[in-house]
Amino acid sequence: MTGYYDIVLALIPVALLGITVALTVVGVSITAAIPVGSMVAMTLIGHAMFVNAPIDSGDETGTTRPPINAD
């Protein structure tokens, strides 16, 4: 089953290359098209890292008891 992060990993090169090629075909210079494609790829990476960050399910202890003091 394809998850969110699999889709993001597939979209990074697609965004970088696809947007760069599309802008170049339209008539934008390559030196302007590459930064635009890179910004879209960086936005995808930033969203995957910070907005929809992966969580570790092992952090939750599952108990409601307070910790035992060493006193």
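Mentor: Val-14 counts as exposed, because its relative accessibility is 51%; exposed means over 50% relative accessible area, buried under 20% and partly exposed in between, with a 1.4 Å probe and protein chains only. This is a predicted model, in which local features need pLDDT of at least 70 and side-chain atom pairs count only at pLDDT 80 or more, while totals for chains, interfaces and linings use all residues. Residues are numbered from 1 along each chain as its sequence is written, and side-chain values use heavy atoms, with hydrogens and water left out.

Trainee: Is Thr-20 buried or exposed?

Mentor: Thr-20 is buried, because its relative accessible area is 9%.

Trainee: Which residues is Thr-20 in contact with, leaving aside its neighbours within four places in sequence?

Mentor: Contact means heavy atoms within 4.5 Å. On that basis Thr-20 touches Ala-15, Ile-30, Ala-33, Ile-34 and Gly-37. Thr-20 and Ile-34 are 14 residues apart in sequence, with a C-alpha to C-alpha distance of 5.4 Å.

Trainee: How is the packing of H1 and helix H2 described?

Mentor: Axes are lines fitted to C-alpha atoms, for helices over the stretch in contact, and angles run from 0 to 180 degrees between N-to-C directions. H1 packs against H2 (residues 30-51) at an angle of about 165 degrees, and their axes are 7 Å apart. H1 is therefore roughly antiparallel to H2; angles over 145 degrees count as roughly antiparallel, under 35 as roughly parallel, 65 to 115 as roughly perpendicular and the rest as oblique.

Trainee: Which residues of H1 and H2 meet?

Mentor: Among those in H1 are Val-8, Leu-11 and Thr-20, and the H2 residues include Ile-34, Gly-37 and Leu-44.

Key. Helices (H or I, at least four residues) and strands (E, at least two) are DSSP runs, numbered from the N terminus.
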